[in-house]
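I opened my notebook to go through this model one stop at a time. Here is what I looked up.

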Amino acid sequence: MYCEDCVEVLYVYDVREMWLDWHEEWDQRRKDNFLLRQDIVKPLSADDNVWLSIEHLVTEFHFRGSQLNIPLMKTLLADELQVQKPYWLIAITQIVETLTLEELGYQWLKEQLNPEWKLLGYDICAGPSFLMNSVWAEYEDELRNHLRPLLNQYHLFSDLETAKANWQSIHDREIYHGEFTINGLYLIEEINPEKK
């Protein structure tokens, strides 16, 4: 079981590209090896090696543990990086034990979850995303067939209970990767500088 007394807390804000065609970025071999479903809109992930982050290119704004300033973020991206393509401002959460949260003194993060943000889904990561970085073998068809219909159009679990219910089988399969965490992905705002 993932945890009995869990709380979802804000982990980081990020800016992710929405201009790349994932079918061009992922060749067929990568799709076959790493995806459980290929009939998706786009693979989104807490793992920025799967879903490219453009936030880290601007050192002045790193939103971990700070207040979100959307106008400042847009200005930095437009003026300093000359970003003129569509991107999404997202929030990434982490599901943690309430006791762990209190021990670390992160209670303030709970205040920053906004009910107006659109849930994109839940990823399971140990650094890399399990849902999009694990090579599947033919003998694993039973687990693949079980997980496949549980994933949404972004190759994520649609709800927290489903992610929690399947965490153990994922952890057991990848035991040498260390502890897997459940991360929520939320869309805060879609930004398209091409449309003015």
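This is a predicted model: local features need pLDDT of at least 70, side-chain atom pairs count only at pLDDT 80 or more; totals for chains, interfaces and linings use all residues.

**Entry: overall layout.** I found seven helices and four strands in the protein. Reading along the sequence, I wrote down the pattern β-α-α-α-β-α-β-α-α-α-β. I then looked up burial: 47% of the 196 residues are buried. For contacts between residues at least 6 apart in sequence, I noted that 77% join residues at least 24 apart. The accessible surface comes to about 10500 Å², and carbon and sulfur atoms hold 49% of that.

**Entry: W51.** I located W51 in the loop between α2 (28–34) and α3 (70–79). Is W51 buried or exposed? Its relative accessibility is 0%, and the cut-off for buried is under 20%, so W51 counts as buried. Leaving aside residues up to four places away in sequence, I listed what W51 touches, including R16, M18, P43, W88, I90, L120 and L185. E17 is on that list too, and the side chain of W51 reaches the backbone oxygen of E17 at 2.8 Å. I also checked W22, 29 residues from W51 along the chain: their C-alpha atoms are separated by 9.4 Å.

**Entry: aromatic pairs.** My search of the whole structure gave seven aromatic pairs. One of them is Y13 with W117, edge-to-face, at 6.1 Å centre to centre with 80° between the planes. This pair links distant parts of the chain, with Y13 in strand β1 (residues 6–17) and W117 in the loop between α4 (98–104) and β3, 104 residues apart. Both Y13 and W117 are buried. I next looked at W88 and Y154, which form an edge-to-face pair at 6.4 Å centre to centre, with 85° between the planes. W88 sits in strand β2 (residues 87–97) and Y154 in the loop between α6 and α7, 66 residues apart. W88 is buried at a relative accessible area of 8%, and Y154 is buried at 9%.

**Entry: helix α7.** Where does α7 bend? I found a bend of about 40° at W167. W167 is one of the buried residues of α7, as are T162, A163, N166, I170 and H171. I saw these buried residues pack against β3 (118–125), α5 (130–133), α6 (141–147) and β4 (181–191). At the start of α7, a side-chain oxygen of D159 comes to within 3.2 Å of the backbone nitrogen of E161.

Conventions: Residues are numbered from 1 along each chain as its sequence is written. Side-chain values use heavy atoms; hydrogens and water are left out. Helices (H or I, at least four residues) and strands (E, at least two) are DSSP runs, numbered from the N terminus. Buried means under 20% relative accessible area, exposed over 50%, partly exposed in between (1.4 Å probe, protein chains only). Contact means heavy atoms within 4.5 Å. Accessible areas come from the Shrake-Rupley method with a 1.4 Å probe; for residues, only the protein chains shown count as cover. A polar contact is a pair of N or O atoms within 3.5 Å; within protein, one must be able to donate a hydrogen and the other to accept it, and residues adjacent in sequence count only if both atoms are side-chain atoms. The bend at a residue is the angle between axes fitted to the seven residues ending there and the seven starting there. Rings of Phe, Tyr and Trp (its six-membered ring) pair if their centres lie within 6.5 Å; planes under 30 degrees apart count as stacked, over 60 as edge-to-face and the rest as tilted.
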